[in-house]
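Opened the notebook for another look at a single chain. Jotting down what I looked up, entry by entry.

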Amino acid sequence: MQPRNMSMSGVVDLAAVKAAQEAKAKAEQVRAQAAREGGAGAVAPADLVIDVDEATFERDVLQRSAEVPVVIDFWAEWCQPCKQLSPVLERLAVEYDGRFLLAKIDVDANQLLMQQFGVQGIPAVFAVVAGQALPLFQGAAGEAQIRQTLDQLVQVAEQRFGLTGLTVDPNAQPGGAEEAPRPKEGPYDSLLNAAAQALDAGDLGGAVQAYKNVLADDPAHPEAKLGLAQAELLQRVQDMDPQRVRQEAAEKPADVAAQIAAADLDLVGGHVEDAFGRLIETVQRTAGEDRDAARLRLLELFEVVGAEDPRVAGARRALARALF
């Protein structure tokens, strides 16, 4: 199954934009269900390193990430740097004693997962925490750097999501851990799944409507708000001529509509700071309806990137200075 958080990979760093509040709620739901069913039990040290493919990704990565950070090692047999990095990660997985789970993905056999994570070269290391995908590093890295990165990951997982890791029992039999429990379907899961499928199929109108249907009943639903902002952004840019839009924005700095269109393209291209900066400058040099149009579009782009992103916090402060 395709990881939902990455179904629009390429628009922004969408692996990291999903609202932390929603992800934390899902993690807590899974942990609560596991507790009601007697807990997941202890695992053997050998179970801290697993091979994952497209068929087992949802179970072994997405679901397990609700109880422990899952570090993903993208590798291949022909990759010499991988042969240096992978043993270090495997050793550290055991040394960290259940504070993270290492999932190894052979890119030759799992091209779809490689594409969905936007892997450009290997070795590449990502993490999934409570359903959120986070890039860690690419290429060979020293053990000190790896340890620092893992320490930060473990700290974030515990402080933001309450993930304290797995219980490791050296005497446990390998493969004895129970499969992670599936969270019960929520009231809007069918609509959210329909929206995700529409996005994957390029049916932006269908995705927009599905998200609006959720928000009509629950206006504060974080995943639907994020999804709607993303789908509407894609709708706005799908018929644009990027070269013409950027040329008009360069030639007409006082044209608010041109700057707004260029900011949308900036964000779709992953140039988050450029998009925010363009609109903040527009707010600074305009007034009245023009200023309000630039401000409102900037707020919409904040929704796309997500409130947890530090770039959003910085842009909010810059917007406040521009307004007042």
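**Ground rules.** I'm working from a predicted model, where local features need pLDDT of at least 70, side-chain atom pairs count only at pLDDT 80 or more, and totals for chains, interfaces and linings use all residues. Residues are numbered from 1 along each chain as its sequence is written, and side-chain values use heavy atoms, with hydrogens and water left out.

**Sheet.** I started with the strands (DSSP runs of E, at least two residues; helices are runs of H or I, at least four; both numbered from the N terminus). I found five of them in an open sheet, ordered β1-β3-β2-β4-β5, with mixed pairing. Pairing here takes at least two DSSP bridges between two strands. Ignoring direction, neighbouring strands are turned by 25 degrees against each other on average.

I then checked β2 against β3 (residues 101–106): they run parallel, joined by six bridges. Val-70 sits opposite Leu-101 in β3. Helix α5 (residues 143–161) lies across β2, β4 (124–129) and β5, at about 165 degrees to β5. Such angles run from 0 to 180 degrees between N-to-C directions, with axes fitted to C-alpha atoms, for helices over the stretch in contact.

**Pro-69.** I looked up the loop between α2 (57–63) and β2 (70–75), which holds Pro-69. Is Pro-69 buried or exposed? Buried, at 1% relative accessible area (buried is under 20%, exposed over 50%, partly exposed in between, using a 1.4 Å probe and protein chains only). Beyond four places in sequence, its contacts (heavy atoms within 4.5 Å) include Phe-100, Leu-101, Val-128 and Leu-163. Pro-69 and Leu-163 are 94 residues apart along the chain, yet their C-alpha atoms are separated by 7.3 Å.

**α7 and α8.** I noted axes of α7 (residues 204–217) and α8 (residues 222–237) that come within 9 Å and cross at roughly 155 degrees. The two helices are therefore roughly antiparallel (over 145 degrees; under 35 is roughly parallel, 65 to 115 roughly perpendicular, the rest oblique). Val-208, Tyr-211 and Leu-215 are among the α7 residues meeting α8, whose side includes Leu-228 and Ala-231.

**Leu-323.** My last stop was Leu-323, in helix α13 (residues 310–323). Leu-323 counts as partly exposed, at 25% relative accessibility. Leaving aside neighbours within four places, Leu-323 contacts Val-283, Arg-291 and Arg-295.
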